[in-house]
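Here are my notes for you on this two-chain model. Keep the structure open beside them and look up each element as you read.

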Amino acid sequence: MKRFLPLAILVLAALLVASTLLPPRYRSEYDLATFSRLPTLVNGRIKPLDTVARTSLLVLQGRQRVTAADGRTVTPSEWLLDMLYKPDVADSYPTFEIVHPDVLSLLNLTPEDGVAKKRFTYVQISKNLAELARQSRLAEEVEQPVRSAFQRAVLQLRDSVILYQRLQGSIVAPGVPNFLEQLNQFDAVVAAGVAAARARQAGQPSDAAAAKTLLELTDSFATMEQVGYLLPIPPVTGKADSRGWHNAGAALQASVQAGRLNPAITTYVGLGLAWRGYQPATFNSLVQQYRASLDREIPGIMTKCDVEARFNSSEPFYNAMMIYVLAFLLAVFSWLVWPQELGRIAFGLVVIAFLLSTAGIGVRMWLEGRPPVTNLYSSALFVGWVAVALCIVLERLYRNAIGSVTAGLVGFSTLLIAHHLALGGDTLEMMRAVLDSNFWLATHVVTVTVGYAATFLAGFLALIYVVRGVFTRSLDKDTADALTRMVYGIVCFATLFSFVGTVLGGIWADQSWGRFWGWDPKENGALIIVLWNALILHARWGGLVRQRGLMNLAIMGNIVTAWSWFGVNMLGVGLHSYGFMDAAFWWLIAFVASQVAFILVGTLPLARWRSFSATR
Amino acid sequence: MLNTLKDLRDLVVSLKLTVVLLVFSIILVLVATLDQVNLGVWAVQEKYFKTFVVFWKVGNVSVAVFPGGYTIGGLLLLNLLGAHIYRFKWEWRKLGIWFAHAGLILLLIGELLTGLMQDEYHMRLDQGQTKNYSESYRNIELAITDTTDPKFDEVVAIPEKPLLRLETIQHPKLPFRVAVKAYFPNSLLGMRAPAMGAENPVAVTQGAGTQIVATQRPLTYKENERNLPSAYVELIGPEGSLGTWLVSVALEDPQTFTAGGRTWKMALRFARHYKPFSLTLLKFSHDRYAGTDIPKNFSSRIRLTTPDGKDDREVLIYMNNPLRYAGLTFYQAGFENNDTTTVLQVVRNPSWLIPYIACGVITFGLLLQFGIHLVGFVSKRRGAA
């Protein structure tokens, strides 16, 4: 029985994971699945509407789910449909997260006015938009690195409002009555308007009202071309090139020229009328017809959209994060009871979570056509992935659950970091010109990230040494020696990769900027990691440190790496400052403080270490 | 005495010294990185790395607070070389370490050479424009050109140092002396209005300075700003003063005057570096991702010609793809004027290959060393199991 229990649990876990890959079920009469997989171009990338809905919600309110005032849960695609077609309904959803008290008072709001004391509706905000605009103008005059928290919050809210308004103006022109109905009669309206205009030019009696209607419509199209956030109208020729995609405003203007409504717009108009008129049957047949035509025109893009929507709904990284926590707890307990069974379950869970995040990273790479690390978000994913891979190797070698504990800890923390980094918007971004080189992304960026991961891993292994040694009696001599060998080996590995990665960065810089080394903050950060690892090795070889000293130096490596990874981005200077973060600053401080505390604990005299005082 | 020498030798080759120097270099790099927020990357290099001692200003006094990049780098080099010569033995097991450190020595030497020999300029080309020189980012010169002969110009270029020291310069090719009356390393030009208090500190009698004033400004270290120097120069011929001029980098056109029966042009400008070939910008392209302002690529189509006609070809310079020609490398660095002007960075670095070689050697050494470790470790575990 005891032999099969671990296996049974692991099979169950694997089945649970597999179930997340099934198509998501929508409890709706509308075919939301097909709608959410319709393609659109946003920020230079063609993606499913599902991604747009989810990432916009993340930017606006920090989570993907919307709770309406009546307590009903609104899925991201339903929210997007309301945004596009029922703006007044969307305006009543609490989708703006505002926490800064001064910003709230600027808008004449108190936390109590909001849902969960921090989410507010557009209706609540819109009364004081003029003051928000004035404050953002003031804040913009201040240079970015020296802006106060209030100024940053003002600008963030301003950007959110702009995103919200642009999204709403994607299909329906804001403030034009019966816009969809007019578009539904597009051919007639245009023909009448053109005829009236021609007649007037010829000096004949003309229908002034028809001409005016058309003029007003074309004016609103021009506005829509300026503000429309989505570019959901595929090129008429059906080519895969992303240049041919347009937003509704541009496509409508072209339609006026052609005298005939663009077929994609026809679909979006029909969908809107059906969504407003509660006609699921019409909605479903329209969206399925449109989908069928897209499948004929751009099958490659549609496959990617399908995969991406499935990827979104299965949330592989979120699930992996949960499994890592479980694995961590089980592996820790395995040091207390049932080492064999719990250890095996924990290791199996680590492997499942690892495979899951491998699949997730793989899908991202395929969608983007890029090596694994392209921005801060993907670097967090990859750091975790590499560290867990090394842990799995260590666990196979030593079978003492240390590898599983560390894997659980590192896997969970890096995915948590990634989760918070994802709040900035779509994490599959286009690469800026200078970074647009798959060769260097695959070599320099990957190697240096492996170096980060290994340095972190050495530090986390050292944490286990200190915690087990000081607070428990479980650190016997064998375990201590094994941990020492692990940390030493991983530091060697880290030295190699951080050095090679840094040097490859230098060579890339020489290729693209003309200097091998420019003392840019990110370069310096990587250099400090190399120097620190070299220092650990030399101190060890020179006999300056022994076990405990090695561990404390390795923990210090956590601080060094965290600073290079995130700290330098917060300086806001240099060529690499692509991801300025703000709230993360306090987390960084907290992390550094915690590591310093562990180092202090690690320097306690041996007599205070429970493991060692017992053996003596 | 012998003992002291022995102690010194032991210190020089010791791992303790290595560790201490590593700690020092980490601190130096860290502080220098943090100080970039205040000083910008150029000033930081001068203050922390290209120096033997780091000075900090306490009030008005400069206090030496820390060894600079040259000191730490030099000592590391000494430590490495000493240990290499004294302690390393020809052992198969140590071969990796030997390679890694030999490569490191090469890397340090290479960086020193780069620091000493590398020159950086930039070349700004409008669409259709041809140039056979690049300009310095920071160094300036006072150029006095004899333009009497329409077939060629003869240029006398006075570097910044004598201007800074307010010297009086005599040059065999100039029929007058150049007396520097005032020099502002950074300045702002405005219209002259004596009634409003906008007046030059030195009375200007000739040229643009009769209508324009320069005001001194503090030096800027910001990445997106440049220092714009101005100077007041008096030209003194054999018969006495020819007048006093205001010259400034911010003045676009050179100022013309006659002296000694010849026609001259005078301008303060960023130092020029002439090349035995010329570049013409045919087309600058700035591609963006569809529907966004995110830049996808910048590229300059350039025509490269030499006076002897041996080279006459078109080249495309774009991100991560520079032009290497005649010991110089041209990189796509920026653009201006609504995408009609390209800015190329021009770098001369004769030692650019050294880091490549050094890194190859170090990587090989590390791989060898850790590979030997790993094989030993695995076979030991195999034996134990």
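This is a predicted model: local features need pLDDT of at least 70, side-chain atom pairs count only at pLDDT 80 or more; totals for chains, interfaces and linings use all residues.

1. Helix α18 of chain A covers residues 339-368, which is 30 residues, and spans 43 Å from its first C-alpha to its last, close to the 44 Å expected at 1.5 Å a residue. The expected span is 1.5 Å times one less than the number of residues. Helices here are DSSP runs (H or I, at least four residues), strands are runs of E (at least two), and both are numbered from the N terminus.

2. Residues are numbered from 1 along each chain as its sequence is written, and chains are lettered from A and ligands numbered from 1 in the order in which they are written.

3. Which helix packs against α18(A) at an angle of about 145 degrees? The partner is α19(A), residues 376-398, and the two axes are 10 Å apart. Axes are lines fitted to C-alpha atoms, for helices over the stretch in contact, and angles run from 0 to 180 degrees between N-to-C directions. The crossing is left-handed, meaning that the near helix is turned anticlockwise from the far one by less than a right angle (clockwise would be right-handed).

4. Look at the residues where these helices meet. Among them are A:F347, A:F354 and A:R364 in α18(A), and A:F382, A:W385 and A:E395 in α19(A). Two residues are in contact if their C-beta atoms, placed from the backbone, lie within 7 Å. By class, this contact has eleven nonpolar, four polar and two charged residues. Ala, Val, Leu, Ile, Met, Phe, Trp, Tyr, Cys and Pro count as nonpolar, Asp, Glu, Lys and Arg as charged, and the others, Gly among them, as polar.

5. Next, α17 (residues 316-334) and α20 (residues 402-421) of chain A pack at about 150 degrees, with axes 8 Å apart. That makes α17(A) roughly antiparallel to α20(A); angles over 145 degrees count as roughly antiparallel, under 35 as roughly parallel, 65 to 115 as roughly perpendicular and the rest as oblique. Their crossing is left-handed. The contact includes A:F317 and A:Y324 of α17(A) and A:F412 and A:L415 of α20(A). It has 16 nonpolar, three polar and no charged residues.

6. Further along chain A, the axes of α21 (residues 438-471) and α22 (residues 477-512) come within 7 Å and cross at roughly 155 degrees. That makes α21(A) roughly antiparallel to α22(A). By class, their contact has 22 nonpolar, nine polar and no charged residues. The crossing of α21(A) and α22(A) is left-handed.

7. Now find where the chains touch: 47 residues of chain B are in contact with 51 residues of chain A. On the chain B side, α2(B) gives the most, with 18 residues. That side has 29 nonpolar, 14 polar and four charged residues.

8. Finally, chain A has domain 1 (41-168), domain 2 (179-299) and domain 3 (437-616), with bounds from an automatic or database domain assignment. The centres of domains 2 and 3 of chain A, taken over C-alpha atoms, are separated by 57 Å.
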